[in-house]
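Please brief me on this structure. I want the strand pairing, the ligand site and the nonpolar core, in short points.

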Amino acid sequence: MLKNVQPFVAGYRFGSVGVAHNGNLVNYRSLRAQLEESGSIFNTSSDTEVVLHLIAISKARPFFVRIIEACEKLKGAYSMVFLTEDKLVAVRDPHGFRPLVMGRRSNGAYVFASETCALDLIEATYVREVNPGEVVVIDKEGEHNLCLMPHPEPKQCIFEHIYFALPNSIVFGRSVYESRSKYGEILATESPAECDVVIAVPDSGVVAALGYAAKIGVPFQQGLIRSHYVGRTFIEPNQSIRDFGVKLKLAPVRGVLEGKRVVVVDDSIVRGTTSSKIVRLIREAGAKEVHMRIASPPIIASCYYGVDTPSSEELISNRMTVEEIREFIGSDSLAFLSFDSLKKYLSSDSPNFCYACFSGNYPVKPTEVKVKRVGDFLDDGLNGSIESIDGGWVKAQSEKEEKVEHPV
Ligand code: SF4
């Protein structure tokens, strides 16, 4: 909903505060219920608004202690930046699910962003990551660092490296480009295919495909061209729009594909419908064989920390074996990056990552009801189940009617 677009700016008794939040709180419903119980009124259905209310009701002084007090009540993923009239405050949750980096411009100004590629765009220099559980306060005296939250083992989102971040970014202290290239190389070693050409599903499959092609010594070519007019497909609200999106987004290059044995590398498979469309596109362009290679392990569980994957029932790898998925998408062969190899590659850094979407082991237990978004209508489950949507209006529903989705 438009009203959920960030940053949020709110006025309270000591002035105004703006907030931008990357991540998702798993205890949002109970926090909101408590606040509503004591009279708070909400404008949006976003979990971020809860944080503003917690700051407003805190009695602590100075301002950043209010933020800390509010953050101590939050569970889940949050990398947040607050702006008041005289302070800039950046906070990262104790698990560090989502990235947050600090940079400086040539005039000395401090900047914060999720990815280092944003710093490059404004000619800022990367300084360092905001550490998990760290609070950085910037004011006219300079930078103050506080670590007031407990520090368990970090659980940084591995999916940032697989799909989300841009390849020119450094995320969690690692180059995204190097990671993806390595995933492609490992995939080529584990699951080579006799082929004439390696192509990628643009854009997030490109670097892994380059790594795959280099390892097996077969040329990488652009067999699919992406139109930049439409956004990412897997978050499109319903199936018909998703399918339309794939057709609009990707166009095959007949000259590259015709008569060839093709390896196509993608970053992940979510529902499987995008992959089946892609395989069909490549075959229709004249490919003799299509071998699908996926540069991540199978996604079997939904994310509760801010990546908009669908519910686990909709995830194809949660319902089918690799062979059944191959048959569904219509490729001649299919292979995923193995989970063990991914962890082996990360080596001693491996325990510092969240892999819940591949394993179902959630570092912070999602205990609350989760209802996934359908288009613009629902995004937090507060208004009822998906079935309760009636012509764009959401019907109220009693507690016991609500469908509880238990994590794997
Ligand atoms: S569940 Fe998956 S997508 Fe979500 S934070 Fe963990 S690794 Fe990232």
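In this predicted model, strand S5 (residues 101-104) pairs with strand S6 (residues 110-113). The two strands are antiparallel and share four bridges. S5 also pairs with strand S7 (residues 125-129), again antiparallel and with four bridges.

- S5 and S6 make a hairpin, with five residues between them.
- Gly 108 lies in the turn and has a positive phi of about 95 degrees.
- Gly 103 has Val 111 in S6 as its bridge partner.
- Met 102 stands opposite Arg 128 in S7.

**Ligand site**
- The ligand sits in the largest cavity.

**Nonpolar core**
- The largest nonpolar core has 47 residues.
- Ile 158, Phe 159, Val 198, Tyr 212, Tyr 305, Leu 342 and Phe 358 touch the most other members.
- Helices that each supply at least two core residues include H5 (159-164), H7 (206-216), H13 (339-346) and H14 (356-359).
- Strands S13 (197-200), S16 (261-266) and S19 (353-354) each supply at least two as well.
- In soluble globular proteins, nonpolar side chains tend to be buried together.

Key: Residues numbered from 1 in each chain as written. Predicted model: local features only at pLDDT ≥ 70, side-chain atom pairs only at ≥ 80, totals over all residues. Heavy atoms only, no water. 1 Å grid on protein atoms, 1.4 Å probe; cavity = no way out; pocket = protein on both sides within 12 Å on 5 of 7 lines; lining within 4 Å. Sits in = over half its atoms within 2 Å of the grid points. Pairing = 2+ DSSP bridges. Core = buried A, V, L, I, M, F, W, Y, C linked by side-chain atoms within 4.5 Å. Buried < 20%, exposed > 50% of the residue type's maximum accessible area, 1.4 Å probe, protein only.
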